[in-house]
Amino acid sequence: MTLSITTDDGRATISMDEWNCPLPLRDYPAIVMGHGGGGQLSAELVTHLFRPAFAPGDTSALTDSTVLTLSGNRIACTTDTFVVQPLEFPGGTIGSLAVHGTVNDLAMSGARPIAITAGFILEEGLPMVRLARIVHDMARAAREAGVSIVCGDTKVVERGHGDGLYINTTGIGLLDPDVHIAPDRAAVGDVVLISGFIGDHGMAIMSQREGLEFETAIVSDSAALHTLVASLLDAVPDVHVLRDPTRGGVATSLNEIADDAQVGISIDERVLPIRSEVRAACEILGLDPLFVANEGKLLAIVPAEAANAALSALRNHALGADAAIIGEVVADHPGMLVARTGLGARRVITMPIGEQLPRIC
Amino acid sequence: MKYLTEFRDGEIAQRMAAEIRQLTTRPWAIMEVCGGQTHSIMRNGIDQLLPPEVELIHGPGCPVCVTPLEVIDKALAIAAMPGVIFCSFGDMLRVPGSDRDLFRVKSEGGDVRIVYSPLDAVALARQNPDRQVVFFGIGFETTAPANAMAVHVAKTEGLRNFSMLVSHVLVPPAIDAIMRSPTNRVQAFLAAGHVCSVMGFWQYPTLASTHHVPIVITGFEPLDVLEGIRRTIAQLERGEHAVENAYARVVTFDGNRTAQELLEQVFTVSDRSWRGIGVIPASGWRLSDAYRDYDAEHRFAVSDIRTQESTVCRSGEVLQGTIKPTACSAFGERCTPRTPLGATMVSSEGACAAYFNYGHTVQLQRVVSRP
């Protein structure tokens, strides 16, 4: 598909010539679910539509929150929309998830969260008692995180035009002057850490959504990570990169960092912290835990000499007790994520096209 | 989990690889029939542990890859019909038909749903008596018993709104067809363990003796695959062609008789078209006459759909092991996992998709030393 759009005021031209969507026509004339999956399709929407339209010429790396300088003060700003199903799941609700997700997006730039806005899109017919549970869970999460929900908005859409409830949040945070965290700061020789077990949230949601029953209940790891980040920054002020591996999981986040910084990232599958029940559930469904979503974990990339200090700082915090060093930043294979397998061989881990799909057998 | 981790032990794998290197005195071409084995080989990097003389050829055992374009177009046509709930395993949603895939049908308003069991589709039929629920029943002998059970349950309950679009294929006729091909290069087979867990391996001794080819029933864990390779090479080096069961913890000679009886009741062996290969006689199943009412092709009158494959794509030759994916002029250029021309580039188990990533790995080999 060749499609060019010139805006009414003639200020920007959006060219989709390079937009190579996959199957089957390699072009989708309408949005498909994969455009929200956090993989290549999502990235294409941002790269070829949103950025050229909203910020033409801006080629800076994409981050979880953006840093604005206002009167000499650096302020982090982020926005996110939560459309998760089910609305309530083991370990949280869409309400607490909205707070945690927004706090974490701020924390991943090293900012201290100050305030959050909340926009609700409610579907006609949503039981009031359910809404009340979710709102109170959201309030509890904000209290525990020490952030205020300062303004909001409510809209109701007709039955059948929503999925019960969507929440949009915007978060504001403050940055210390000497904190400079960005994906393109990943440098050869740096060490990659994860703050704990991966894949818990995605598998908790999937087991609820699809009615899958596993012997052990898998609980979401949804949590606010800003105090964990603060502990890490106290021990290692020069943290290069932070990222919470949500949609698309650890593999997608590390692919994005490798691409932004044009470095190679090498991880060792043998040391990845994965709960046995998550690993087993993934195997049953033919999924790779590296691509499964997390909501209470962070990836940190730090200078090699600070690796042990970073690991200790993470492990000394309740949310980082199972932290591990999982890899390093390398000069080889720039832009690529490579894993050392359990057999000591190597495999390239590419970014998924859309959502990860369960295999037939 | 300990039971599984024992079959992934890196040190034992290295020892087994060393043994394979010691055994191997000349080039051998071994086909792993099953896409699950291909996936295990690529995911674990088993190919990197083998001596250069051992060539692994990826076989036609990827159910997504071999489902004919014509059947996918029929699925797309049915899924787009009003009043239909179309159910499929997840990885079929991204497979290209002639001009679109199931994801696109869904985005255009089709009610397409991912299920994890065909019995989930039967439950949907129960819950939606005013809708027609169709399950996309594809795959090898592994998925067939559950699909047969779903149709059987629907008939037993008298559900008039459930049907199945069936495109089941069988492994032994494919092995026979590969060995009969004048361009065949395969010298030994790793037979698909899960298929044999259902069907047993009583059909294999005839194949082995007819074609003088070693066949080793092989599982999917890294040590399973290495053991299968070790045993085939040991046979090849000795000049033997026996059937060996290297997956005895799951597979017996007779297989699962209960499943086989259900299959015999619900399905009838028929000629089947394989995507990229063509028709192989008696290589698949269709619903038996007693279950014809549950055949979606019959219910939705899509029998007349005819399609034309890409003239460039050589996935058929890839599936038969006669060429490597890289021999196709479109490979890595016009055809990539992002822009696939054929199904072997779409499925994560497909040989072309695996080779596309493997290409990267080969480049890495130059800069990354082996352990």
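A: Sorted by class, the lining of the second largest pocket has nine charged, eight nonpolar and six polar residues. Please keep in mind that this is a predicted model. The volume of this second largest pocket is about 440 Å³. There are 23 residues lining the second largest pocket, and those closest to its centre are B:Glu70, B:Val71, B:Lys74, B:Arg272 and B:Glu297.

Where does the lining come from? In chain B, helix H5 (69-79) and the strands S6 (162-169), S10 (267-274) and S11 (278-287) each supply at least two of its residues. S10(B) gives the most, with five residues.

Staying in chain B, let us turn to a pair of helices. Helix H2 (residues 10-23) and helix H12 (residues 222-238) of chain B have axes that come within 10 Å and cross at roughly 15°. An angle under 35 degrees counts as roughly parallel, so H2(B) is roughly parallel to H12(B). The crossing of H2(B) past H12(B) is left-handed. On the H2(B) side, the contact involves B:Ile12, B:Ala13, B:Met16, B:Glu19, B:Ile20 and B:Leu23, which meet B:Leu223, B:Leu226, B:Glu227, B:Ile229, B:Arg230, B:Ile233, B:Ala234 and B:Glu237 of H12(B). By class, the residues of this contact are 10 nonpolar and four charged, with no polar ones.

From H2(A), the contact draws on A:Ile94, A:Gly95, A:Ser96, A:Ala98, A:Val99, A:His100 and A:Val103, and from H3(A) on A:Ile134, A:Asp137, A:Met138, A:Arg140, A:Ala141, A:Ala142 and A:Ala145. Here the residues divide into nine nonpolar, three polar and two charged.

As background, most residues other than glycine have a negative phi, and most peptide bonds are trans. A:Gln85 and A:Pro86, however, are joined by a cis peptide bond, with omega about 0°. A:Pro86 sits in the loop between strand S4 (73-82) and strand S5 (88-89) of chain A. A:Gln262, a residue other than glycine, has a positive phi, near 50°. You will find A:Gln262 in the loop that lies between helix H6 (249-261) and strand S12 (264-268) of chain A.

Conventions. Residues are numbered from 1 along each chain as its sequence is written. Chains are lettered from A and ligands numbered from 1 in the order in which they are written. This is a predicted model: local features need pLDDT of at least 70, side-chain atom pairs count only at pLDDT 80 or more; totals for chains, interfaces and linings use all residues. Side-chain values use heavy atoms; hydrogens and water are left out. Contact means heavy atoms within 4.5 Å. Helices (H or I, at least four residues) and strands (E, at least two) are DSSP runs, numbered from the N terminus. Ala, Val, Leu, Ile, Met, Phe, Trp, Tyr, Cys and Pro count as nonpolar, Asp, Glu, Lys and Arg as charged, and the others, Gly among them, as polar. On a 1 Å grid over the protein atoms alone, a cavity is a set of points where a 1.4 Å probe fits but cannot get out, and a pocket is an open set with protein on both sides within 12 Å along at least five of seven lines; lining residues have an atom within 4 Å of a point. Grid points are joined across faces, edges and corners, and a volume is the space filled by probe spheres set on the points. Axes are lines fitted to C-alpha atoms, for helices over the stretch in contact, and angles run from 0 to 180 degrees between N-to-C directions. Angles under 35 degrees count as roughly parallel, over 145 as roughly antiparallel, 65 to 115 as roughly perpendicular and the rest as oblique. A crossing is left-handed if the near helix is turned anticlockwise from the far one by less than a right angle, and right-handed if clockwise.
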